[in-house]
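Trainee: Could you walk me through this one before I set anything up with it?

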Amino acid sequence: MTTKTTLIGPFRQVVTMNGLALSGSLKYDHLQVIEEGGIVVENGKIIQVGNFLASSKTYPKNIYKIEGDYVLLPGLIDAHTHICYGGSRAADYALRNAGASYLEIANNGGGIWDTVSQTRQASLNQLEFQMSNRAEKHLKEGVTTCEVKSGYGLDLGSEMKMLEAIKSVDSKSEIDLISTCLAAHIKPKDFKGSHSEYLLFTVNNLFQFLKDNQLSNRIDIFIEESAFSTKDATNYLSVAKQYGFSITVHADQFSTGGSEVAAQFGAISADHLEASGEKEFKKLIKANVIGTALPGASMGLGEPYMKGRKFLDLGGCLVIATDWNPGSAPMGDLLMQAAVFGAQQKLNTAETFAAITFRAAKALKLDDRGVLKPKAKADFIAFSTKDYREILYHQGKMKPNLVWKNGNLITPAQDR
Ligand code: NIG
Ligand code: FE
């Protein structure tokens, strides 16, 4: 961590994301863009953002000079991933594109269950190694905070193994990983009992362990015909709430129902929402639930996108995340997915950037990042261009050349 005060710049433009509303549509021209900007960091935090020349008079001693034309943005935040897994589902992908449906493949022993088998077989070290490669890739592409779910273990030991792997990679790597327990992903095929018995078993054997070992303070459940019913979810989430967990829900991916439960429990976010319409959106918004679009899952499955434009126009807080997982969303490219989703849904630049910065931070209950302003974490990324509009225009092909995490430049200069 940079302990001494350092002024970094000049940047042709600094897009601060400051002063924008936490929910609802945004005006394109409300983006705060500081021309010829500089950013002052100390102890991993931002202490000033402003004109470079003016800052250089206040902080003349330690200047990290940026040569060339760069645009600075806050580090990106991916609020929904499943990057802790073993194996590959390339065969599923090929089968789907040959006409088999996601649910058919799952019913025939492929799908999530296949990844569960491969994740159970992987050792803790193997899981950590593979996940940290994915996390490293994300960091290089500008993702400085990333949520990661369990949910491919589905027995006590394997769920614990996944959550321990996430905690360990978080402590060893520079990216911040936020873990979520998704033991309620599907009912494991080898559990002898009903769906509700499996959830009860999970509550009784896992919840206290998560608390005692600080493995996660977030609980997720997949509500869908192929996973858990709204009734099962209601019982499960009632207990999760009593334990004080934050709740997030895989909702309305193929059929509606999950969003209603998310609203009822005041979930922090409802994610997917491809099947939701105005009625579902209104309930979520009334209950202050963030709607997280997962365009990578729509791309991977060849399914429609969440109606993000509609959700914003109704006043919702829209987040975009990758859902990076081996089945439905194998790509894991946040910037590309946000750019393509934004073009399809007619989101303006402010709305798309908000969905992968400070609004995504809100979905993880983090209020110290996603915006470039004093006291925020010094997580920011620089793109080699003079004009911030070039970034989404290149639809994800333009990656950041420089990434700072906690004030430290983590991309070596020779790799630029
Ligand atoms: O968010 N929808 C449920 N779970 C994941 C997919 C997991 C998988 O296919 O392995 C999702 O898309
Ligand atoms: Fe997911």
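Trainee: What should I know about the model and its numbering?

Mentor: This is a predicted model, in which local features need pLDDT of at least 70 and side-chain atom pairs count only at pLDDT 80 or more, while totals for chains, interfaces and linings use all residues. Residues are numbered from 1 along each chain as its sequence is written, chains are lettered from A and ligands numbered from 1 in the order in which they are written, and side-chain values use heavy atoms, with hydrogens and water left out.

Trainee: OK, which residues are closest to ligand 1?

Mentor: Ligand 1 is surrounded by 15 residues, and the closest are Y102, Y152, H185, D323 and S328; a residue is counted here if one of its heavy atoms lies within 4 Å of the ligand.

Trainee: And which polar side-chain atom lies 2.9 Å from an oxygen atom of the ligand?

Mentor: That atom belongs to H272, and R89 likewise places a polar side-chain atom 2.8 Å from an oxygen atom of ligand 1. In the side chain of H185, an N or O atom is 2.8 Å from a nitrogen atom of the ligand; a polar contact here is a pair of N or O atoms within 3.5 Å. Taken alone, ligand 1 exposes 330 Å², and the protein buries 100% of that, with areas coming from the Shrake-Rupley method and a 1.4 Å probe.

Trainee: Back to H272: is that residue buried or exposed?

Mentor: H272 is buried, because its relative accessible area is 2%, where buried means under 20%, exposed over 50% and partly exposed in between, with a 1.4 Å probe and protein chains only. H272 sits in strand β11 (residues 269–272) and has a positive phi of about 100° although it is not a glycine. Helices (H or I, at least four residues) and strands (E, at least two) are DSSP runs, numbered from the N terminus.

Trainee: Switching to α5, what span should its 17 residues have?

Mentor: At 1.5 Å a residue, helix α5 (residues 124–140) should span 24 Å, and its end C-alpha atoms are 24 Å apart, so the two values agree; the expected span is 1.5 Å times one less than the number of residues.

Trainee: Which α5 residues are buried?

Mentor: The buried ones in α5 are L127, E128, M131, R134, A135, H138 and L139. They cover an arc of only 140° around the axis, which means that they lie on the same side of α5; the arc is that of the directions from the helix axis to the C-beta atoms. On the other side of α5, N125, F129 and K140 are exposed.

Trainee: What covers those buried residues of α5?

Mentor: The cover includes β6 (76–78), α4 (111–121), β7 (143–149), α6 (156–172), β8 (176–184) and β15 (402–405), where contact means heavy atoms within 4.5 Å. After α5 comes G142, whose phi is positive, near 100°.

Definitions and conventions. Polar contact = N/O pair within 3.5 Å; in protein donor to acceptor, adjacent residues only side chain to side chain.
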